[in-house]
Structure formats: C-alpha cells, structure tokens
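Keep the sequence and the 3D view side by side as you read.

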Amino acid sequence: MHKKLRHLTHQILTTQEEERKKISRELHDEVVQTLVGINVELSSLMHGNTSEVEHLKEKIARTQRLVEDSVDSVHRFARDLRPAVLDDLGLIPALHAFCKSLPARKNLKIHLTAFSGVEKLESDRRIVLYRVAQEALTNVARHARATTVKISILKIGDKLRMEIRDNGKAFSVRKILHAKSKRLGLVGMKERVEMVDGSFTIESTPGKGTVVRAEIPFIAGKSIK
Ligand SMILES: Nc1ncnc2c1ncn2[C@@H]1O[C@H](COP(=O)(O)OP(=O)(O)O)[C@@H](O)[C@H]1O
Ligand SMILES: [Mg+2]
C-alpha cells in the first residue's frame, strides 16, 4: 500500500513537471518570440529615419500582426489550461472550439456528433470527457496521418460512450502501454476515465485506424443551462 502510494505520488509529480515543462517551452517559443519580434519592430520605428508615411504604415501593420499573433497564442494557452467555454457553455461547444483550433486541421476532416443530454452530466465527468477528447485528437493530429476523425458521444443505457475514431496509421497499443519509458497521454486518459468508474479501451487496426473509447456511468449533476 505504502509503496503503491509512493509510486502514484511519483507519477503525479512527474506528470505535473512534464506539463510545466511543456507549457514553459511553448510559452517561450510562441509568445516570447513574438513579443521580441514586436520590440524589434518598435525600436526600428523609433530609430529608423522613415519619413515616408507609406513605409511607416507598413511597419505598423506588421507590428500589429505580431500583436494579434501573441493575443491568439495567449488565448490558446488559457483555453488549453482550462477552457472557459467548458464551464460556461458546455462540453459540446468546448469540443467544437477545440476542433476548430487544432493545429494540422487543414488536412484533417473532423466530425462531431453528440447526445445533447451530455451537458447534464456532472461537471467533473464532463471534464474527463473533454480531456480524453483533447488528448486523443492531439494524438490523431500528431501521430496518425489520418484524413478524417469522428468523435461521437452516445447514451447507451445508463452509460455515456465517447469514441474518437481515425482512419490513420495504426500502432501497437500493447507495446506502448507496456513500454518501460511510458508516454503519459494514453496512460493519463485511462487513469482519468477509471477515476470516474469508467472503462477505457483503444483498438488500433492496420489499414483501418484507431478507435479510442471511453465509457462512463451517466451521473447527472447541476445543469449549466
Ligand atoms: N491515433 C493514433 N494514431 C497513431 N498512433 C498513435 C495514436 N495515438 C497514439 N499513438 C502512438 O502512441 C504513442 C503514445 O501516445 P501518448 O501516450 O499520447 O504519447 P505522446 O502523444 O506524447 O507521444 C504515440 O507516440 C504514437 O506513437
Ligand atoms: Mg499524446
């Protein structure tokens, strides 16, 4: 028991540290770089001898685009950390927003069908579904080389079933789950789902693609609307 707890604590801390590292790296790469760019533009405006109005306008427009980029990045950060729409508008709008902003979306068709009653689900459970979809879709975008992905949320008896199905290249789930140096994406999804008494499965079939499936008991909570 003691050993198991220590192992768990260790895993939580490692995950937290990994997340922080990721956020810090992305903050640096996206936001800081753009801010530095803005500063360079501004100082060239200050010291340059551009008396031509057109030239000045051009420079200002370029600086404005950089500001817009960093506003977008900060928005994305805030949303990834804890999407306000999830609390305010619900899971389905939050998933729509996430899909719309998924990088590498250009070459990926995303379909979302959802049982509207999912918004009545207890809020902790909605968050589990959101985090699983977020990770699964990020994996599809990052690893699958798929052309379509379908997300469905269905009510089946007293359970909710969410599936993320892609048509990309398959992988050996068993190998990944039993690998010594574990990646935390798949493991994290499984842990979250099992925390709310759900079951989590992944099927990956060569020539067909991957299905990530989470099934959790439907327990209603305070409705958001
Ligand atoms: N939908 C998918 N299609 C193809 N490969 C996948 C998919 N999801 C996961 N994988 C494979 O499983 C591995 C582990 O995934 P994950 O635990 O989320 O870690 P990470 O995304 O950080 O690599 C990935 O590196 C990838 O090789
Ligand atoms: Mg992943």
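**Around the ligand**

Helices α5 (123–144) and α7 (184–195) each supply at least two residues of the shell around ligand 1. Helices here are DSSP runs (H or I, at least four residues), numbered from the N terminus. This is a predicted model, in which local features need pLDDT of at least 70 and side-chain atom pairs count only at pLDDT 80 or more, while totals for chains, interfaces and linings use all residues. Residues are numbered from 1 along each chain as its sequence is written, and chains are lettered from A and ligands numbered from 1 in the order in which they are written.

Which helix gives the largest share of the shell around ligand 1? That is α5, with five residues. Of the 14 residues around the ligand, Asn139, His143, Ala144, Arg183 and Gly185 come nearest; a residue belongs here if its C-beta atom, placed from the backbone, lies within 6 Å of the molecule. By class, the shell around ligand 1 holds five nonpolar, five polar and four charged residues. In this scheme Ala, Val, Leu, Ile, Met, Phe, Trp, Tyr, Cys and Pro count as nonpolar, Asp, Glu, Lys and Arg as charged, and the others, Gly among them, as polar.

Now look at how α5 and α7 sit against each other. Their axes are 10 Å apart and meet at an angle of about 160°; axes are lines fitted to C-alpha atoms, for helices over the stretch in contact, and angles run from 0 to 180 degrees between N-to-C directions. The two helices are therefore roughly antiparallel, a label for angles over 145 degrees, whereas those under 35 count as roughly parallel. On the α5 side, Val128, Arg131, Val132, Glu135, Ala136 and Asn139 meet Gly185, Gly188, Met189, Arg192 and Val193 of α7, where contact means C-beta atoms, placed from the backbone, within 7 Å. That contact has five nonpolar, three polar and three charged residues.

Helix α5 has another partner, α4 (residues 91–101), packed at about 15° with the axes 10 Å apart. These two are therefore roughly parallel. Leu91, Ala94, Leu95, Phe98 and Cys99 of α4 meet α5 residues including Arg126, Leu129 and Tyr130.

Finally, step back to the domains. The domain assignment gives domain 1 (2–81) and domain 2 (91–217), with bounds that come from an automatic or database assignment. Their C-alpha centres lie 28 Å apart. Helices α1 (residues 2–47) and α2 (residues 53–81) pack at about 160°, with their axes 9 Å apart, and are therefore roughly antiparallel. Among the residues that meet are Leu27, Val31 and Leu35 in α1 and Leu66, Val67 and Phe77 in α2. The contact of α1 with α2 divides into 10 nonpolar, five polar and five charged residues.

Key
Angles under 35 degrees count as roughly parallel, over 145 as roughly antiparallel, 65 to 115 as roughly perpendicular and the rest as oblique. Two residues are in contact if their C-beta atoms, placed from the backbone, lie within 7 Å.
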